[in-house]
Amino acid sequence: VFKTILLSALLGAILVGLFVCCVYYGMWGKIPDYRNLREIRNNEASSLYSEDGELLGKYYVENRTNVMFGSISRNAVNALIATEDVRFYEHHGFDKVSMLRVLFKTLLLGDKSSGGGSTISQQLAKNLYPRQYSSRFMIPVIKIKEIITAHRLEKLYTKDEILEKYLNSIYFGHHCFGLKSAAEFYFSKQPENLTLAEGALLAGLVKSPNNYSPFK
């Protein structure tokens, strides 16, 4: 019995390794390389001002104004980390502890409240390169792609740079993309002036901006 279990485990490990290699080398679509990840650009809104400096309106595909990390309230950053990825500064793009928790609670205990186990780096990868598959059978492929992309992002950028890019990429509802647009829309403030409560509210919107909108 022990020999059978050992051989089954070995075979399973080999099959998983082959599957990961197939994803890595592009059998299910190309994974962004380091050159692509160095050239990340978000769509930004164009603002129209009157001669006396009054904002008349904006034109955009995505209503976003990028902001530097130094201009973001630490309250918003801390709230985001506490909500989305409490071990953000400890992992390198993939949180094994969080993933094991999800596998145990969701698959074995059927507890859907355990979350998806994705780190902020993985969520950034998903925001930059939206998922192209709808079938649930493709979820393992999608997750492996996002883990590989997240690991590459961690090699290229510092933790603060990843947070900056993530906070500029998130959708906060009501046509607001990025923290700056959200802070201006919800609180008529710049992101560096957000209070603890305001930062917590915006962090809470990330999971489901339409359902958790304070206007609703």
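The sulfur of cysteine 21 lies 7.1 Å from the closest cysteine sulfur, that of cysteine 22, which is too far for a bond. A disulfide is a pair of cysteine sulfur atoms within 2.5 Å, and a search of the whole structure finds 0 of them.

Please keep in mind that this is a predicted model, in which local features need pLDDT of at least 70 and side-chain atom pairs count only at pLDDT 80 or more, while totals for chains, interfaces and linings use all residues. Residues are numbered from 1 along each chain as its sequence is written, and side-chain values use heavy atoms, with hydrogens and water left out.

How confident is the predictor? The pLDDT, its confidence in each residue from 0 to 100, averages 89 over the chain, and 92% of the residues score at least 70.

Are the cysteines buried or exposed? Buried means under 20% relative accessible area, exposed over 50%, and partly exposed in between, with a 1.4 Å probe and protein chains only. Cysteine 176 counts as buried because its relative accessibility is 1%, whereas cysteine 21, at 41%, counts as partly exposed.

I turn now to the interior. A nonpolar core is a set of buried Ala, Val, Leu, Ile, Met, Phe, Trp, Tyr and Cys residues joined through side-chain atoms within 4.5 Å. The largest one has 31 residues, and Leu163, Phe172 and Leu202 are among those with the most contacts inside it. Apart from this core lies another, of 7 residues, including Val23 and Met138.

Leucine 202 touches, among others, Phe172, Leu179 and Tyr186, leaving aside residues up to four places away in sequence; contact means heavy atoms within 4.5 Å.

Technical notes:
pLDDT is the predictor's confidence in each residue, from 0 to 100.
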